[in-house]
Amino acid sequence: MQIVSDTSNLSILKAVNPAVYQGLENTVKAGQFENAHQLYLQMCRTVKAQGQNNSVSLPAVADLVTKGFCRIPQVLDESAIREMRGLIERAFRGDNSMVRKLMEGGQKYFEGLSESEQFHHCVAVTESDLPLMKSFIVKALNMSVVSAVEAALQSHFYVNHFMISRTLPTKNPSGSFTWHRDTAPASQIHIMYYLTDSGEKGEFGSTDFLPLKATQEVEAKSAYNFRDMKSRVLDLAEICPDKDLLDQIERPVMRAGDAIIFSAPQVLHSGVAPVSLQRDAVLLVLQPSLAPWKQQLEQAGLEFMMSRVFGHFNLFSNPADP
Ligand SMILES: O=C(O)CCC(=O)C(=O)O
Ligand SMILES: [Fe+2]
């Protein structure tokens, strides 16, 4: 089957399967967004399965499926790293409005966070940065990354939004620097590109992960409520005494240019702020799509991502018309 050369998900859905389209519309109208996202993922899988099968079996792919995260080394070359770090440096040198705390998104899930927390900075991009971002995305989604994501989702995907950040040392980490799963549709995939080394022990900032199965066991034992920012913990031992489970926590050693792909809504994870220096990173947030990412990027551009840079609430969105 040919993918209709129109990136409007709605018209593709209508053309491919009017009945499923109607079902999706009904679930959205009824406010059953989780069902809508599930239905939509099924639809994307059907479209992908009908296309050519270009999945590659890399060890990383198996990790993403079974553990919920995988590291892909050396995705970005020196020049891509330099360009993105240049953008961050410019933002930090410029006036304050260019650098904003992630938590200033004004969303209710960020309520309760201390205003004095100034350690995690999200860089606001301007229209003039978009060509640079586009060329970054094209480099960042190399063949290894794309086949890992497509194999995990069994579907095409598109870049829903991105976040560029610099994290400084802090004694009081909060937000995504405490243990959580992201409050997002189950199919959402995050890719974090480190622009700085993490150090062998993560001393320059890193990310901790509890593999999928251990995540499920910890939550079954503790009923951990990571959605409430005030209840989030820095150390999982506070909510789970089972040492065998906690021994499974992994802190991937990241080199500048490496990517870590993870199922953010499914696997417990926590950013780890640097002890010294700083951590620079770019996050791409992906969602299933009926058309390949490149087609979406060429046809839809990046302008629509601008409004999402400080956190986009996909959980309450219509997946076919986000
Ligand atoms: O900053 C980090 O290392 C964690 C990021 C995170 O929580 C996410 O992307 O969902
Ligand atoms: Fe997260």
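Colleague: Which sense do strand S6 (residues 206-209) and S8 pair in, and over how many bridges?

Modeller: Happy to start there. In this predicted model, S6 and S8 pair in the antiparallel sense over 4 bridges. Two bridges are enough for strands to count as paired.

Colleague: How do you know which way the residues of S8 point?

Modeller: They fall into two sets. His269 and Gly271 point one way from the strand, while Ser270 and Val272 point the other way. All of them are buried.

Colleague: What makes a residue part of the shell around ligand 1, and which residues are in it?

Modeller: A residue belongs if its C-beta atom, placed from the backbone, lies within 6 Å of the ligand. The residues around ligand 1 are Ser176, Asp182, His190, Met192, Thr207, Ala264, His269, Gly271 and Leu283. Strands S5 (189-194) and S8 (269-272) each supply at least two residues of that shell. By type, the shell divides into 3 nonpolar, 5 polar and 1 charged.

Colleague: Why is strand S9 (residues 279-289) called largely enclosed?

Modeller: A residue is buried if 20 or more other C-beta atoms lie within 10 Å of its own. In S9, 10 of the 11 residues are buried, so the strand is largely enclosed by the rest of the structure.

Colleague: Which strands pair with S9, and over how many bridges?

Modeller: S4 is joined to S9 by 11 bridges, and the two run antiparallel. S5 also pairs with S9 in the antiparallel sense, over 6 bridges. To find your way along them, look for His156 opposite Ser289 in S9, and for Tyr193 opposite Val282 in S9.

Colleague: Is Pro265 buried, exposed or partly exposed, and why?

Modeller: Pro265 has 19 other C-beta atoms within 10 Å. Buried would need 20 or more and exposed 12 or fewer, so the label is partly exposed. Pro265 is found in the loop between strand S7 (259-262) and S8.

Colleague: Where does Pro265 lie relative to Asp182, in sequence and in space?

Modeller: The two are 83 residues apart in sequence and 4.3 Å apart in space, C-alpha to C-alpha. Leaving out residues up to four places away in sequence, Pro265 touches Arg181, Asp182, Ala184, Pro185, Ala186 and Gln188. Asp182 is also one of the residues around ligand 1.

Colleague: Why is His37 called buried?

Modeller: His37 has 26 other C-beta atoms within 10 Å, and the cut-off is 20 or more, so His37 counts as buried. You will find His37 in helix H3 (residues 33-50). Beyond its neighbours within four places in sequence, His37 is in contact with Pro185, Ser187 and Pro319. His37 and Asn314 are 277 residues apart in sequence, yet 9.5 Å apart in space, C-alpha to C-alpha.

Colleague: What makes phi of Gln74 worth a mention?

Modeller: Most residues other than glycine have a negative phi. Phi of Gln74 is near 45 degrees, a positive value in a residue other than glycine. Gln74 is found in the loop between strand S1 (69-72) and H5.

Colleague: How do helices H5 (residues 78-93) and H6 (residues 130-140) cross?

Modeller: Their axes come within 11 Å and cross at roughly 145 degrees. The crossing of H5 past H6 is left-handed. Ala80, Glu83, Met84 and Leu87 of H5 make the contact with Leu132, Phe136 and Lys139 of H6. Those residues divide into 5 nonpolar, no polar and 2 charged.

How values were computed: Residues numbered from 1 in each chain as written. Chains lettered and ligands numbered in written order. Predicted model: local features only at pLDDT ≥ 70, side-chain atom pairs only at ≥ 80, totals over all residues. Nonpolar A, V, L, I, M, F, W, Y, C, P; charged D, E, K, R; others polar. Axes fitted to C-alpha atoms, helices over the stretch in contact; angles between N-to-C directions. Left-handed = near helix turned anticlockwise from the far one by under 90°. Contact = placed C-beta atoms within 7 Å.
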